[in-house]
Amino acid sequence: MRVTNSVARHARKKKVLKRASGYYGDKSRRLRMATQQVDKSLVHAYTDRKDKKGQYRQLWIMRINAAVREEGLSYSKFISALHKANITLNRKMLSEMAVRDPLSFKKLIDIAKQ
């Protein structure tokens, strides 16, 4: 009995080539090169999703540092003082306060200075 796998194979090829559309040259047309590039792209996509979280944290820290230095304090001393005062705000919220609500952020800085 002759068994063919043509429908499933065609579907697999179509899936890979659809993901590879837009790649340069043969990477979007030839199955082997497209498969290799799609696999590599998926690896980069995974690691870059993880890296993005760290990049946002760096951005928040830079914003907090800039706002705190205007008041004559350093970032590390500010964070340390907040911990000692039992104020548990994460860096994302602190940076949002620094940008959008400078008055309440100034109150936090005053608490940290005491």
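Where is Ser28 found? Ser28 sits in the loop between helix H1 (6–19) and H2. Helices here are DSSP runs of H or I with at least four residues, numbered from the N terminus.

This is a predicted model, in which local features need pLDDT of at least 70, side-chain atom pairs count only at pLDDT 80 or more, and totals for chains, interfaces and linings use all residues. Residues are numbered from 1 along each chain as its sequence is written, and side-chain values use heavy atoms, with hydrogens and water left out.

A polar atom of the Ser28 side chain lies 3.0 Å from the backbone oxygen of Gly25. A polar contact is a pair of N or O atoms within 3.5 Å; within protein, one must be able to donate a hydrogen and the other to accept it, and residues adjacent in sequence count only if both atoms are side-chain atoms. Leaving aside neighbours within four places in sequence, Ser28 is in contact (heavy atoms within 4.5 Å) with Leu17, Ala20, Ser21, Gly22 and Tyr23.

**Salt bridges**

A salt bridge puts a side-chain nitrogen of Lys or Arg within 4 Å of a carboxyl oxygen of Asp or Glu. By this rule the count is five.

| Pair | N to O distance |
|---|---|
| Asp26 and Arg29 | 3.6 Å |
| Asp26 and Arg30 | 3.7 Å |
| Glu96 and Arg100 | 3.4 Å |

Asp26, Arg29 and Arg30 are linked in a network of salt bridges. Asp26 is partly exposed at 32%. Arg29 reaches 57%, so it counts as exposed. Arg30 is partly exposed at 45%.

Glu96 and Arg100 both lie in helix H4, four residues apart, about one turn of the helix. Glu96 is partly exposed because its relative accessibility is 26%. Arg100 is exposed, at 68%.

**An aromatic pair**

How many aromatic pairs does a search of the whole structure find? There are two. Phe78 and Phe105 form a tilted pair, 5.5 Å centre to centre, with 55° between the planes. This pair links distant parts of the chain: Phe78 is in helix H3 (residues 75–84) and Phe105 in helix H5 (residues 102–113), 27 residues apart. Rings of Phe, Tyr and Trp (its six-membered ring) pair if their centres lie within 6.5 Å; planes under 30 degrees apart are stacked, over 60 edge-to-face, and the rest tilted.

Are Phe78 and Phe105 buried or exposed? Phe78 is buried, at 0% relative accessibility. Phe105 is buried too, at 3%.

**Helix H2 and its surface**

Tyr56 lies in helix H2 (residues 31–69). Tyr56 is partly exposed, as its relative accessibility is 44%. Together with Leu59 and Met62, Tyr56 forms a nonpolar surface patch with about 300 Å² of accessible area. Patches take residues with over 30% relative accessible area and no salt bridge; like charges are joined within 9 Å, nonpolar side chains (Val, Leu, Ile, Met, Phe, Trp, Tyr) within 5 Å. Areas come from the Shrake-Rupley method with a 1.4 Å probe, and for residues only the protein chains shown count as cover.

Leu42 is also found in helix H2. Leu42 is partly exposed, at 41%.

**A positive phi**

Asn86 lies in the loop between H3 and helix H4 (91–100). Asn86 is not a glycine, yet has a positive phi of about 60°. Most residues other than glycine have a negative phi. Asn86 is exposed, with a relative accessible area of 67%.

Methods: Helices (H or I, at least four residues) and strands (E, at least two) are DSSP runs, numbered from the N terminus. Buried means under 20% relative accessible area, exposed over 50%, partly exposed in between (1.4 Å probe, protein chains only).
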